[in-house]
Amino acid sequence: EAKTGEILTYLSLPSADRNAYGTASTEQKVDRPAVNAYEPGSVFKIFSVASFLDSGIITPDTIFLCDGLYEKRSSSGERIRITCLEHHGWVNARDALKYSCNDAIAQMSDLIDTDSFLARVHSFGFGERTGVELPGETRGIVKSRDDKYWSGRTKATMSIGQEISVSALQMVQAASAIADGGTPVQLTFIQRITDKDGNVEYTHEPQFKQRIIKASTAKYVLSCMETTAQSGTGRRAALGDISIGVKTGTAQMADKEHGGY
């Protein structure tokens, strides 16, 4: 519930049978939404576009030419190539989210300086635990410029949701900032606590964090997500006459045994 931060449904599969927890396998006991860090893929683009818009480096009317391939050479001679699924032609921020355009998002990332972009990423809560009432929560991984694996393509790649690791809980909390007009809300599993006689000892009150993007930015990105459901890559998520905002994502999964993806 974005207005309160209360987590209404929580699922980790495969899961353990709570009536026979002692016989559950290690895999069944893993709390994936909290402890697993993964590359979010294109869902992350909503936070990138929000950062670009809010910083003023682009406007809703700024357009970029997608020819199916983002390509450039760094000052050190490194050749950088990021492919796109289609040739989308001239697109603005709304189109880029609607079609999940890698090329346009990567071009946008060239316009923001690295330190400003990383500050924006951290402001959404990435790289830090959410502080929800669960043990073993991961921080995820947000590279710094001093990281030995930082390269000329890292900022562009990060903007489309790769070369960054997040938890599912971090993604939910960051998305609450889009839903709540630019202010994220603290996540919680506890709505109320009662004693054995049913007397209420604690009732949760929403705890909003510091504003990270302007209300107008959040409203625009949310409208772009609605467009994605109406006529973009998220059409299958549309719910008829119910307004819904979505962002599709296809993430490569790291092969922990053999390396690569």
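The model is predicted. Its largest nonpolar core has 47 residues, and helix α3 (residues 45-55) gives the most to this core, with six residues. Phe47, in helix α3, is among the residues with the most contacts inside the core, and Phe47 is also part of a cluster of aromatic rings.

**The nonpolar cores**

- The residues with the most contacts inside the largest nonpolar core, which has 47 residues, are Phe47, Met108, Phe124, Phe126 and Ile178.
- Six residues of this core come from helix α3, the element that gives the most to it.
- Another core lies apart from this one and has five residues, including Ile7, Ala34, Val132 and Leu169.
- In soluble globular proteins, nonpolar side chains tend to be buried together.

- Helix α3 is mostly covered, with ten of its eleven residues buried.
- The buried residues of α3 are Lys45, Ile46, Phe47, Ser48, Val49, Ala50, Ser51, Phe52, Leu53 and Asp54.
- Which helices do the buried residues of α3 pack against? They pack against α4 (93-99), α5, α6, α7, α8 (168-179) and α9 (215-231).

**The crossing of α3 and α5**

- The axes of α3 and helix α5 (residues 102-109) come within 10 Å of each other and cross at roughly 40°.
- At that angle, α3 is oblique to α5.
- The crossing in which α3 passes α5 is left-handed.
- On the α3 side, the contact is made by Lys45, Val49 and Phe52. On the α5 side, Asn102, Ile105, Met108 and Ser109 make the contact.
- An α-helix has 3.6 residues a turn, so residues three or four places apart point the same way.

**Phe47 and Phe126**

- Is Phe47 buried or exposed? Phe47 has a relative accessible area of 2%, under the 20% cut-off, and therefore counts as buried.
- Beyond its neighbours within four places in sequence, Phe47 is in contact with Phe124, Phe126, Met171, Ala174, Ala175 and Ile178.
- Phe47 and Met225 are 178 residues apart along the chain, and their C-alpha atoms are separated by 12 Å.
- Phe126, again leaving aside neighbours within four places in sequence, is in contact with Phe44, Phe47, Val121, Val142, Val166, Gln170, Met171 and Ala174.

**Aromatic pairs**

- The count of aromatic pairs comes to six.
- Phe47 and Phe124 form a tilted aromatic pair, with 5.1 Å centre to centre and 55° between the planes.
- This pair links distant parts of the chain, since Phe47 is in helix α3 and Phe124 is in the loop between α6 (114-123) and α7 (154-159), 77 residues apart.
- Both Phe47 and Phe124 are buried.
- Ring pairs join Phe44, Phe47, Phe124 and Phe126 into a cluster.

**The glycine after α3**

- Gly56 sits in the loop between α3 and β1 (64-66).
- Just after α3, Gly56 takes a positive phi of about 85°.
- Gly56 has a relative accessible area of 54%, over the 50% cut-off, so Gly56 is exposed.
- Along the sequence, Gly56 and Ile112 are 56 residues apart, and in space they are 9.3 Å apart, C-alpha to C-alpha.

**Backbone exceptions**

- Most residues other than glycine have a negative phi, and most peptide bonds are trans.
- The peptide bond from Leu13 to Pro14 is cis, with omega near 0°. Pro14 is placed in the segment before α1 (26-29).
- Ser100 has a positive phi, near 55°, and is a residue other than glycine. Ser100 is in the loop between α4 and α5.
- Ser100 has 11% relative accessibility, which is under 20%, so Ser100 counts as buried.
- What is the phi of Glu163? Phi of Glu163 is near 60°, a positive value in a residue other than glycine.
- Glu163 is found in the loop between α7 and α8. At 19% relative accessibility, Glu163 is also under the 20% cut-off and so counts as buried.

Key:
Residues numbered from 1 in each chain as written. Predicted model: local features only at pLDDT ≥ 70, side-chain atom pairs only at ≥ 80, totals over all residues. Heavy atoms only, no water. Core = buried A, V, L, I, M, F, W, Y, C linked by side-chain atoms within 4.5 Å. Buried < 20%, exposed > 50% of the residue type's maximum accessible area, 1.4 Å probe, protein only. Helix = DSSP H or I, 4+ residues; strand = E, 2+ residues; numbered from the N terminus. Contact = heavy atoms within 4.5 Å. Phe/Tyr/Trp six-rings, centres within 6.5 Å; stacked < 30°, edge-to-face > 60°. Axes fitted to C-alpha atoms, helices over the stretch in contact; angles between N-to-C directions. Parallel < 35°, antiparallel > 145°, perpendicular 65-115°, else oblique. Left-handed = near helix turned anticlockwise from the far one by under 90°.
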